[in-house]
Amino acid sequence: MFGGGGMNPRKMKQMMKQMGIDVTELDAEEVVIKTADEELVFSDAQVTRMDAQGQETYQIVGEPETRELGAGDDGGDESAESAGAADAIPADDVAIVAQRAGVPEDEAREALEAEDGDLAAAIARLE
């Protein structure tokens with residue numbers, strides 16, 4: 001049989017390091033995967049990030065809870081319509097643009113919306 005099932009974990013880490021693979025455990029409280037029909041919610045999941053030659057891969061280990069899409073939202077139909085472009089721009093992108101350009105987040109969000117979510121173009125617009 002093949003596989004690393006019987007291999008010493010230290011030896012496995014050493015081999016991965018030699019191959020240029022960096023493995024990092026993430027302290028995740030919750031992981032949500034949204035599909036077209038439902039959301040898979042992992043609470044207290046074990047999340048590992050592997051970086052191999054600039055390509056990041058995430059591994060999630062845990063039991064997901066399945067819920068209907070939008071079941072975790074606090075609003076009704078009205079909030080879905082009014083959110084519009086705000087949902088299209090991830091908060092992480094807004095924070096990156098705000099930090100790089102040295103502007104408040106609301107200005108960063110406006111620039112991202114004007115540039116259709118293009119981070120580099122939004123930063124250039126603000127500088």
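T48 lies in strand β4 (helices, H or I of at least four residues, and strands, E of at least two, are DSSP runs numbered from the N terminus). This is a predicted model in which local features need pLDDT of at least 70, side-chain atom pairs count only at pLDDT 80 or more, and totals for chains, interfaces and linings use all residues. Residues are numbered from 1 along each chain as its sequence is written, and side-chain values use heavy atoms, without hydrogens and water.

User: Which residue of β5 is the bridge partner of T48?

Analyst: Strand β4 (residues 46-52) pairs with β1 (residues 21-26) in the antiparallel sense over six bridges; pairing requires at least two DSSP bridges between two strands. Seven bridges join β4 to β5 (residues 55-61), also antiparallel. In β5, T48 has as its bridge partner Q59.

User: Is T48 buried or exposed?

Analyst: Buried denotes under 20% relative accessible area, exposed over 50%, and partly exposed in between, with a 1.4 Å probe and protein chains only. The relative accessible area of T48 is 10%, so T48 is buried.

User: With which side chain does the side chain of T48 make a polar contact?

Analyst: A polar contact is a pair of N or O atoms within 3.5 Å; within protein, one must be able to donate a hydrogen and the other to accept it, and residues adjacent in sequence count only if both atoms are side-chain atoms. The bridge partner of E25 in β4 is T48. At 3.1 Å, the side chain of T48 makes a polar contact with that of E25.
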